[in-house]
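I begin with the structure itself.

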Amino acid sequence: MEVFVQQLINGLTLGSIYGLIAIGYTMVFGIIGMVNFAHGDVFMVSTFIALVTLLIVTTWIGISSVVIALFIVLVVAMTLTSLVNWAIERLAYRPLRGSFRLAPLISAIGMSIFLSNFVQVAQGPRNKSVPPLVQGEFILMDGGVYQVTLSYKQLIVWAVTAILLAAFWYVVSRTALGRSQRACEQDQKMAALLGVDVDRTISITFVMGAALAAVAGTMYLMYYGVVNFNDGFVPGVKAFTAAVLGGIGSLPGAVIGGLLIGLIETMWSAYFSIDYKDVAAFAILAVTLIFLPQGILGRPDVEKV
Amino acid sequence: MTEPLLSIRGVKASYGHVAALKGVDLDVSEGEIVTLIGANGAGKSTLMMTVFGKPRAHAGQIIYSGEDITRRPTHLIARMRIAQAPEGRRIFARMSVYENLQMGAAVNPDADFEQNLEHVLGLFPRLAQRLHQRGGTLSGGEQQMLAIARALMGKPRLLLLDEPSLGLAPLIAQQIFDIIHELNARDRLTVFLVEQNAYHALKLAHRGYVMVNGLITMAGSGRDLLERPEVKAAYLEGGRH
Ligand SMILES: Nc1ncnc2c1ncn2[C@@H]1O[C@H](COP(=O)(O)OP(=O)(O)OP(=O)(O)O)[C@@H](O)[C@H]1O
Ligand SMILES: [Mg+2]
């Protein structure tokens, strides 16, 4: 029982990170129908931006308050990662819009390779670590041998994720910008007839996806304390799985999918073999694609034309 | 005579290698209702979309309100207060009726949303009862009303309507024509209309054009066209209406 509760807590934390990344996949897919293979690497880049910013903020500028440091890191990572993704879209995807369907996909794979190699060269192939930023925990249950804890780190991940998802949800569902995004997702031509600048809206979508990936990246760095140039791939595939599981194109689906994948992974590690935890995620992707290609919240295609 | 509000000169457009417009000349003056009729596949919808640059004219010129808009990006053309209720209605199925109307209003930030909403819902009271229903769940006729209402929300100077009576019960179609007439007569809205329902549409129009295979073959006042035997034979099914 204690193990279960503990893994529930761990799984929700990991799942928050996957969910944040998954939104980037799902939004881009929704608006231009493309799987942005480089998105996992954009996340990885954000972890390095967060790392460098953190070092600058703590050692050079000498800010000692963890809350302020984290806040600065978060803002800088979100801004710079957004800029990176904005540039990627402009350089690697937009020129290919309107050419054959696989072209942007291939370009995205190229971008993915470029980003991970670039970081490998610029930052070195070895793990980079930061000293633990936030320590301490609540003990929720004490079963004698096994304590169920909720660490402050985990609380921060939950709180930051919840706040940013709420803000993001508000933008997409309640503002004119979000309405334009949804309009482009449904019918780009009609959106343009109504004065929506479709290219700009697509750019903004990439920017928003990257900003959330950077939130995930910052949380990842704070939570694990270790980053590597290779960290784009596996979390990327898991987040993509989350997006597919939740129903690609669906925003709440991406969050639910992320939480589910996080939970499945931690439960699997606890009760089965930790070595196979990644296999579990990939197996879910395959099974979902076969038996539930629409995903949990995927939209049924029954609409009047 | 003053400059027409919309002036289409020698416009050609194609889809890949298929030529859809082969040099179209057509004018719409301020305050007019102009009707374009023609057989299926003649290029009527293409012409309406070409005004917005989708597809783009590869020859000729489109002048709106004294400005050459032939190569202007679609969204900027839309912001010049030309609105279109296009073929196929194209309402946003996963948005509520209210959000669809908000989308229509977004082209013109200067317009008073609440006032326009009231005006438009006054024209289409059925929409007022369904403001929070999703667009995709409206009936075909209601969707058509929404498409027109959405186009009106931006307070256009020029309204392009592609087959507004398509799929509507005769009584509702008549209501739509009455609304068009009223908008034109009372608010001096300029309307460019494509219709299969040639009798009603020509009766309503100040002037009309007939398109055959991507070319304008006849032009004249609405009444004049209705009298022509070629029009009667081809588009009025021997006078049945
Ligand atoms: N997206 C497209 N791709 C290729 N050809 C097209 C496309 N849209 C239209 N066409 C072709 O262009 C020609 C003109 O089509 P258009 O839709 O303008 O006709 P229309 O006069 O509006 O006909 P209808 O009365 O049936 O609506 C047709 O031959 C049509 O097949
Ligand atoms: Mg047509």
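**Entry 1: the interface**

I looked up the contacts first, and 20 residues of chain A are in contact with 26 residues of chain B (contact means heavy atoms within 4.5 Å). The model is predicted, so that local features need pLDDT of at least 70 and side-chain atom pairs count only at pLDDT 80 or more, whereas totals for chains, interfaces and linings use all residues. Residues are numbered from 1 along each chain as its sequence is written, chains are lettered from A and ligands numbered from 1 in the order in which they are written, and side-chain values use heavy atoms, with hydrogens and water left out.

I then looked up the buried area, which is the accessible area (1.4 Å probe) that two parts lose on being put together, summed over both. Chain A and chain B bury about 2200 Å² between them, and 57% of this lies on carbon and sulfur atoms. On the side of chain A, Gln186(A), Leu193(A) and Leu194(A) lose the most area to chain B, together 30% of what that side buries.

**Entry 2: a salt bridge between chains**

I searched next for salt bridges (a side-chain nitrogen of Lys or Arg within 4 Å of a carboxyl oxygen of Asp or Glu). The whole structure holds 17 of them over all chains, and three cross the interface of chain A and chain B. In one salt bridge, Arg94(B) meets Glu185(A) at 3.8 Å, N to O. Arg94(B) lies in the loop between β6 (82-85) and α3 (97-105) of chain B, and Glu185(A) in helix α6 (residues 176-186) of chain A. Helices (H or I, at least four residues) and strands (E, at least two) are DSSP runs, numbered from the N terminus.

**Entry 3: salt bridges within chain B**

I found Asp27(B) and Arg9(B) joined by a salt bridge of 2.9 Å, N to O. The two residues are 18 residues apart, with Asp27(B) in strand β2 (residues 18-28) and Arg9(B) in strand β1 (residues 6-15) of chain B. Asp27(B) is buried at 19%, while Arg9(B) is partly exposed at 34%.

I also noted a salt bridge of 3.0 Å, N to O, between Arg186(B) and Glu182(B). These residues are separated by about one helical turn, because they stand four residues apart in helix α7 (residues 170-187) of chain B.

Notes:
Buried means under 20% relative accessible area, exposed over 50%, partly exposed in between (1.4 Å probe, protein chains only).
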